[in-house]
Amino acid sequence: MASQKGVMLLDFWASPFGQRVRIALAEKGVEYEHKEENLSSKSELLIKSNQVHKNIPVLIHDCKTVFESLTIVQYIDEVWSDKTPLMPSDPYQRAQARFWADYVDKKVYDCTSRLWKPKEEEKEAAKMEMIEILQLLEVQLGDNKYFGGDTFGLVDVAFVPFTSWFYMFEMIAKLNVEAVAPRIVAWAKRCQERESVAKALSDPKTVYEFICMVMKKVLGQE
Ligand code: GS8
């Protein structure tokens, strides 16, 4: 078994990116030290460890630092390869998993920020786009249990933290995910039955209240 010595995660409770890493570590049964960051007053350790972006999550393993949640999840999968693989063994399936995880990264996060636009027509356009994104992901999921088929993997890890935002979608854009993408909601419930996911995800209402507070500050500065 790979060494677990010196595993530390620099994280922030509400971050879907940090949650990805927490899920991957839990799936692998890796014990680690968790360091909660205050993102408005970052620790020396964070600034020193991630000099490029200075953001979380950062994984520190045996004094080596790894950045970017999707890279970290794949690193964890490779280092602790003896436990529940998160990546498929077939190269084509691996490429597909990386593509869809990247799609979630580029589309879901970016489109969510536009759901907060103050102009009604911009908000409506973002809502329509989000419906398209969710429905495309639903087609990709098909009748499978998880995105990779029967086994929980990279795309599930990448996407499931954003399911805590579905309540927020409803509150800010009247977007009822269950009505437009019921299979995604059923998949989210299946994922939440896993201890790794249930422990990592935040309560949707708490996340919504927190993001409302952040957005008030951001919009107030515009
Ligand atoms: C995104 C990390 C990120 O946005 C990843 O790891 O996948 N592409 C990266 N981290 C945010 C917190 S979550 O919104 C962060 O650390 N922000 C503070 C900052 O950038 O100063």
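Tutor: Helices here are DSSP runs of at least four residues, numbered from the N terminus. Keep in mind that this is a predicted model.

Student: In which helix is the place of Val214?

Tutor: Val214 belongs to helix H11, which covers residues 204-221.

Student: Is Val214 buried, partly exposed or exposed?

Tutor: Buried means under 20% relative accessible area, exposed means over 50%, and partly exposed lies in between. Val214 has a relative accessible area of 32%, so it is partly exposed.

Student: Which residues make the nonpolar surface patch?

Tutor: A patch takes residues with over 30% relative accessible area and no salt bridge. Here Met213, Val214 and Val218 make a nonpolar one of about 220 Å².

Student: Which residues gather in the patch of negative charge?

Tutor: Asp and Glu count as negative. On the surface, Glu120, Glu121, Glu122 and Glu124 form this patch. Take Glu121 as the example. Its helix is H5, residues 120-141. Glu121 is exposed, because its relative accessible area is 56%.

Student: What about Glu27: buried or exposed?

Tutor: Apply the cut-off again: under 20% is buried. Glu27 has 12% relative accessibility, so it counts as buried. Look for Glu27 in helix H1, residues 16-28.

Student: Which residues is Glu27 in contact with, leaving aside neighbours within four places in sequence?

Tutor: Contact means heavy atoms within 4.5 Å. With those neighbours left out, Glu27 touches Thr84, Leu86, Phe152, Arg194 and Ser196.

Student: Now the backbone. Is the peptide bond from Ile56 to Pro57 cis or trans?

Tutor: Read omega for that bond. From Ile56 to Pro57, omega is near 5°, and the bond is cis. Pro57 sits in a loop, with helix H2 (44-49) on one side and strand S3 (58-61) on the other.

Student: What is phi of Lys54?

Tutor: For Lys54 phi is near 55°, a positive value in a residue that is not glycine. Lys54 is in the loop between H2 and S3. Its relative accessible area is 33%, so Lys54 is partly exposed.

Student: Where is Asp62 found, and what is its phi?

Tutor: Asp62 is found in the loop between S3 and strand S4 (64-67). Its phi is positive, about 50°, although Asp62 is not a glycine.

Student: How does Asp62 count by relative accessibility?

Tutor: Asp62 counts as partly exposed, because its relative accessibility is 27%.

Notes. Residues numbered from 1 in each chain as written. Predicted model: local features only at pLDDT ≥ 70, side-chain atom pairs only at ≥ 80, totals over all residues. Heavy atoms only, no water. Patch = residues over 30% accessible without salt bridge, like charges linked within 9 Å, V, L, I, M, F, W, Y side chains within 5 Å. Areas by Shrake-Rupley, 256 points an atom, 1.4 Å probe, with all protein chains shown as cover. Salt bridge = Lys/Arg side-chain N within 4 Å of Asp/Glu carboxyl O. Charge placed at Lys NZ, Arg CZ, Asp CG, Glu CD. Helix = DSSP H or I, 4+ residues; strand = E, 2+ residues; numbered from the N terminus. Buried < 20%, exposed > 50% of the residue type's maximum accessible area, 1.4 Å probe, protein only.
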